[in-house]
Amino acid sequence: MADGRRSDIAAGLVLLFCSGLERRVLVDIDEDPSVQRELPLIATEARRLRARYGGIAALREPLDHLLDLLDLLTAPRTAPGSVPGRETPVAVGIALAGFAVTATPLPTAWARAWMRHHPSLGPRRSETDCPVEFERLFTVRYRERHGHGLILPTEGSGIRLRYRPANPALPGTLVWRADLPDLLSDRQSIRALSALRDEIIADLDPYRRWLARFPQGRDSLAAVPLLPAELVDARHGRLGALRVWAEERLDGQARAMIDAGEFWGVWPSADTRRMAADEAAALCSVLARIDLGVEPDVRFGGPPLARGPAVLFRPGRPAADRPGPRFASAAAIMRCAAAVASATGPVDPRGPAAVALLGTVGGLAAALRLEPGEDVRLTARLSWLLTTRVDVDRLTRQITATTSAAREIAGHYLAMVAVTADPAVSPATVTALTRVYRILGLPVDLVFTRLHARSTGGVTPLPQIGAERPVPAVSVERSDDPVVVQSGHDHPTGFALPWAPPEDLRLDHGLIKKRVAESDTAATLLSTIFVADDEVTPPDPSPVPGLDRAHGVLLRALGERPTWTRAEFETLTAEHGLLPDGALDVLNEAAIDTTGAPVIEGDTILTVATDVLLELYA
């Protein structure tokens with residue numbers, strides 16, 4: 001000890017020295033009042049020994065126990081405690097008591113120490129498997145919930161320490177500081193932190209399970225959808241590069257047409273042409289983390305992304321990750337709208353006609369009462385549909401879940417789309433709209449009245465779904481009921497009929513010219529639709545014996561495909577003005593009379609017998 005206890009000596013001698021310190025603290029303190037003043041110096045010496053000899057297992061535990069004893073004996077009540085370099089249950093309990101009695105906000109680091117050493121909060125998988133992510137998320141949410149920190153309660157029993165000396169000659173002792181609340185044994189005071197920890201564990205659990213399967217994917221884009229939003233850094237890394245790429249494509253606009261093939265450069269896919277549904281859904285979730293969307297989106301009923309046109313857009317706030325209750329109906333109506341708009345040919349998605357069509361989507365979204373933000377997605381969906389070929393025959397299956405109220409709204413909206421895309425309302429547009437009306441189960445005769453109303457400037461507001469009492473609007477459809485101009489009275493009104501026009505009567509010649517021009521437009525439109533019987537060129541007589549012209553034309557149309565669904569057959573017969581069951585009987589009877597076999601077989605799926613068909617036309 002002559003050199004100031006700075007020599008490297010055997011561990012047994014250091015332990016003997018610690019036994020002397022224990023005796024000074026536990027025995028001499030009762031006989032020598034000066035020992036109380038020496039306790040801080042003894043604690044400083046014990047910390048020096050712990051720092052120098054803590055690597056020796058035989059000395060580490062006795063020195064920690066001695067420091068716990070000294071910390072409890074010397075802990076002040078007037079300031080929050082802090083034990084640098086050590087984190088034991090006793091040291092944490094003393095520090096928490098100091099924060100409580102001084103009403104000092106509990107820092108984040110001490111809150112985590114409290115959770116680690118509280119006997120009722122054992123370690124969980126997310127804490128041990130994802131320690132970095134857990135600590136970052138806890139720090140963020142703890143500051144959001146509690147600001148500078150929790151204010152701890154001061155109620156409770158004092159801190160007790162049962163000390164067993166390293167010196168076997170000294171008896172064990174119990175030290176009790178009644179003035180310091182023991183928060184490590186209080187289950188009530190830690191409820192707020194326990195709830196916060198459980199919430200963080202639940203949010204990190206999907207990421208933890210995924211990381212157990214793909215340990216190398218910690219910093220990949222595929223991990224982004226599984227991380228809580230607070231841990232996603234959209235400014236750096238791969239996600240930051242994706243955001244920069246997307247902003248370049250948008251160039252400050254709300255949406256932009258892109259080539260979906262560019263996603264293959266940043267997103268792994270087993271197929272080089274089309275993503276799997278789960279791959280496309282994960283990519284859409286990643287884009288949502290940087291406030292972007294893409295159509296088609298498989299999460300909203302669209303097909304998986306494939307190489308070709310796609311629409312990148314800003315969905316705005318709030319942006320949901322799943323469709324609302326009426327979005328499926330709206331998406332089906334958009335497919336119908338794309339079919340009607342493309343009846344006369346493809347629509348340039350960047351042209352003025354497409355801009356006008358996209359401007360109508362807001363009215364449909366309001367009529368269907370879509371969820372906030374779904375109107376933006378619906379506009380992007382229509383923009384993408386205008387670049388694809390919509391098969392009208394497949395619309396029957398896609399609108400099966402559409403309600404009758406939504407179909408009525410669709411009828412009004414599709415008439416608006418037809419006039420917007422084709423102001424001249426060509427026969428091709430009328431035919432496409434008529435087919436869609438049949439698929440929707442709407443009266444076909446409404447097509448002409450609604451087209452006429454839209455073509456001549458008449459505007460009928462779209463009916464609102466779920467409205468208890470619709471707002472009265474001027475009807476532009478046909479009505480056979482008498483119109484009440486003025487209710488009758490049993491007594492004279494007191495006014496005589498004007499036998500001569502008033503002198504101040506002035507005719508608006510401009511308005512008259514406008515009405516005449518509108519009438520001419522309507523007449524031209526109707527002349528292309530309704531043709532007089534004497535102007536119709538009769539079709540070629542049917543070459544099949546026993547069939548009239550209508551059934552012969554139907555048989556020729558059926559021969560274009562080997563199979564037809566029942567719904568498709570009914571649509572085809574309706575287009576030719578025939579009833580499906582009767583037409584089927586007529587065709588098969590004629591075939592049996594000529595060849596001895598039916599030409600159409602099946603019930604749900606109708607199959608055309610090619611050999612019989614060839615024999616009929618032989």
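Modeller: Start with strand β5, residues 309-313, which is mostly covered. Keep in mind that this is a predicted model.

Colleague: What makes β5 "mostly covered"?

Modeller: Buried means under 20% relative accessible area. Four of the five residues of β5 are buried.

Colleague: How do you know that β3 and β5 pair?

Modeller: Two strands pair if there are at least two bridges between them. Strand β3, residues 255-259, and β5 have five bridges, in the antiparallel sense. M257 stands opposite V311 there.

Colleague: And what joins β4 to β5?

Modeller: Three bridges, with the strands antiparallel. The requirement is at least two bridges, so β4 and β5 count as paired. β4 covers residues 293-295. V294 has L312 of β5 as its bridge partner.

Colleague: Now the helices. Why is α5 called largely enclosed?

Modeller: Seven of its ten residues are buried, so the rest of the structure largely encloses α5. The buried residues are T108, W110, A111, R112, A113, W114 and M115.

Colleague: What do the buried residues of α5 pack against?

Modeller: They pack against α4, α6 (125-129), α7 and α8.

Colleague: What makes a set of residues a nonpolar core?

Modeller: The members are buried nonpolar residues joined through side-chain atoms within 4.5 Å. The largest such core here has 60 residues. Those with the most contacts inside it are L106, W114, F138, L152, L193, L239 and F263. Several elements supply at least two residues each, among them α4 (89-101), α5 (108-117), α7 (131-146), β3 and β5. The largest share, eight residues, comes from α8.

Colleague: Which residues does L193 touch?

Modeller: Beyond residues up to four places away in sequence, L193 touches A111, W114, M115, F138, Y142 and L150. Another core lies apart from the largest one. That other core has 58 residues, including F313, L368, L395 and A418.

Colleague: Next, the sheet with β6, β8 and β7. What makes β6 and β7 its edge strands?

Modeller: Each pairs on one side only. The order is β6-β8-β7, in an open sheet of three strands with antiparallel pairing. β6 spans 563-565 and β7 spans 600-601.

Colleague: How many bridges join β6 to β8?

Modeller: Three, and the two strands run antiparallel. Strand β8 holds residues 605-608. W564 faces L606 of β8 across that pairing.

Colleague: Why is T565 called partly exposed?

Modeller: Its relative accessibility is 29%. Buried needs under 20% and exposed needs over 50%, so T565 falls in between. T565 sits in strand β6.

Colleague: Which residues is T565 in contact with, leaving aside neighbours within four places in sequence?

Modeller: T604 and I605. T565 and D603 are 38 residues apart in sequence, with 8.6 Å between their C-alpha atoms.

Colleague: Last one. Where does I9 lie, and why is I9 called partly exposed?

Modeller: I9 lies in the segment before α1 (11-26). Its relative accessible area is 42%, between the 20% and 50% cut-offs, so I9 is partly exposed.

Colleague: What makes the surface patch that includes I9?

Modeller: I9, L13 and L16 make it, and the patch is nonpolar, about 300 Å². Patch residues need over 30% relative accessible area. I9 has 42%, so I9 passes that cut-off.

Key. Residues numbered from 1 in each chain as written. Predicted model: local features only at pLDDT ≥ 70, side-chain atom pairs only at ≥ 80, totals over all residues. Heavy atoms only, no water. Patch = residues over 30% accessible without salt bridge, like charges linked within 9 Å, V, L, I, M, F, W, Y side chains within 5 Å. Areas by Shrake-Rupley, 256 points an atom, 1.4 Å probe, with all protein chains shown as cover. Salt bridge = Lys/Arg side-chain N within 4 Å of Asp/Glu carboxyl O. Buried < 20%, exposed > 50% of the residue type's maximum accessible area, 1.4 Å probe, protein only. Contact = heavy atoms within 4.5 Å.
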